[in-house]
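Look over the sequence and the fold before reading on.

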Amino acid sequence: MPANVAGQTLTGTVIGYGEGDENEWLIQTATGVVVADAGPRWFQVIDIPQGEAITLTGRWDEGEFDVITITRADGTQIATGRPLQGPPPWAGGRDRPSSTRGQHQDPFQNDMRSQGNRPQPGQTLTGTVVGYGEDDENEWFVQTATGVILADAGSRENQVIDIPQGEVITLIGRWDEGEFDVITIIRADGTQIFIDPDF
C-alpha cells in the first residue's frame with residue numbers, strides 16, 4: 001500500500017461503488033482495485049457511472065484514497081472540498097453551521113446505485129476476489145456476475161481472514177449501505193468460515 005503522501009494522482013476506470021451514503025467508487029487502476037472516497041453524499045452528490053475513466057488527486061488514508069479533485073473523461077473537474085492537509089469540512093458531521101456545507105440532497109434520491117435489482121438480506125453471492133479494502137478490515141472486492149462488490153467481514157482485530165486474490169468464494173450475508181456484510185464465507189476448497197456476529 002502506498003505511503004500516506006498528499007497530492008498523489010491516480011487514473012483508472014470506475015468498476016463499482018462503495019457505501020451507499022458516500023461518494024465512494026471502486027477504481028480499477030494499472031496496479032489493482034482501490035477504494036476512492038470523496039466524502040458523504042449529504043455534503044455533495046457526485047454521480048459517476050461505471051465504465052468511466054477518471055483521474056483523481058488526493059492522499060492515502062488507511063487503505064482508501066481520499067479524493068481532493070476528480071477529472072472526468074470529458075475534462076470536467078470536480079473539487080470535493082477536502083483540503084490538501086487537515087480534516088475535511090464535513091468532519092464535524094451534519095450539525096456544524098450550514099454555511100460550511102455543500103448543497104444537501106437525500107443520499108438515495110436519484111442515486112444510480114440504488115436502482116435495479118438489489119440483493120435482499122440473506123442472499124448468497126459467488127465471485128472472485130480481485131482486491132482488498134481497508135487494511136484493518138476483512139474487506140474484499142469481489143467480481144460477481146453482475147459487477148464488482150465490496151464485501152465486509154468485520155475488523156481484523158476480532159478475526160483475521162486472509163483470502164488471496166484470484167480465489168473464487170461464496171458469501172452469505174446482507175446488504176448495508178452499499179456494502180455486503182458477510183455472515184459466512186465458503187472458500188474454494190469447501191472450507192466454511194463463520195463471522196463473529198459482534199464484529
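This is a predicted model: local features need pLDDT of at least 70, side-chain atom pairs count only at pLDDT 80 or more; totals for chains, interfaces and linings use all residues.

The protein has 12 strands and zero helices. Its mean pLDDT is 79, and 81% of the residues reach 70 or more.

**Confidence**

- Residues 96-121 have pLDDT below 50. In the model this stretch still has 49 contacts beyond near neighbours in sequence.
- Residues 1-5 also stay under 50 in pLDDT. They have 13 contacts beyond four places in sequence.

**Overall fold**

- Of the 199 residues, 45% are buried.
- Take the contacts between residues at least 6 apart in sequence: 51% of them join residues at least 24 apart.

**Strand β8 and its partners**

- β8 spans residues 137-144. Six of its eight residues are buried, so the strand is largely enclosed by the rest of the structure.
- On one side, β8 pairs with β7 (residues 123-132) in the antiparallel sense, over four bridges. A hairpin of four residues joins the two. Y132 stands opposite W140 of β8.
- β8 also runs antiparallel to β9 (residues 147-155), with seven bridges joining them. Two residues lie between these strands in the hairpin.

- A salt bridge requires a nitrogen and an oxygen within 4 Å.
- E139 sits in β8, and its bridge partner in β9 is D152.
- Beyond four places in sequence, the contacts of E139 include the acidic residues E134, D152 and E179. G131, Y132, G133, L150 and A151 are also in contact with E139.

**Salt bridges**

- The whole structure holds five salt bridges.
- R72 is in the loop between β5 and β6, and E52 is in the loop between β3 and β4, so the pair ties together parts that are 20 residues apart in sequence. R72 is partly exposed, at 22% relative accessible area. E52 is buried, at 13%.
- R82 lies in the loop between β6 and β7, and D66 lies in strand β5, 16 residues apart. Both residues are buried.
- E167 is in the loop between β9 and β10, while R187 is in the loop between β11 and β12, 20 residues apart. E167 is buried, with a relative accessible area of 13%. R187 is partly exposed, at 23%.

**Aromatic pairs**

- There are four aromatic pairs.
- W60 and F65 form one of them, edge-to-face. Their centres are 5.3 Å apart, with 70° between the planes.
- W42, F43 and W90 are linked into a cluster by ring pairs.

Technical notes. Residues are numbered from 1 along each chain as its sequence is written. Side-chain values use heavy atoms; hydrogens and water are left out. Contact means heavy atoms within 4.5 Å. pLDDT is the predictor's confidence in each residue, from 0 to 100. Buried means under 20% relative accessible area, exposed over 50%, partly exposed in between (1.4 Å probe, protein chains only). Two strands pair if DSSP finds at least two bridges between them. Rings of Phe, Tyr and Trp (its six-membered ring) pair if their centres lie within 6.5 Å; planes under 30 degrees apart count as stacked, over 60 as edge-to-face and the rest as tilted. A salt bridge is a side-chain nitrogen of Lys or Arg within 4 Å of a carboxyl oxygen of Asp or Glu.
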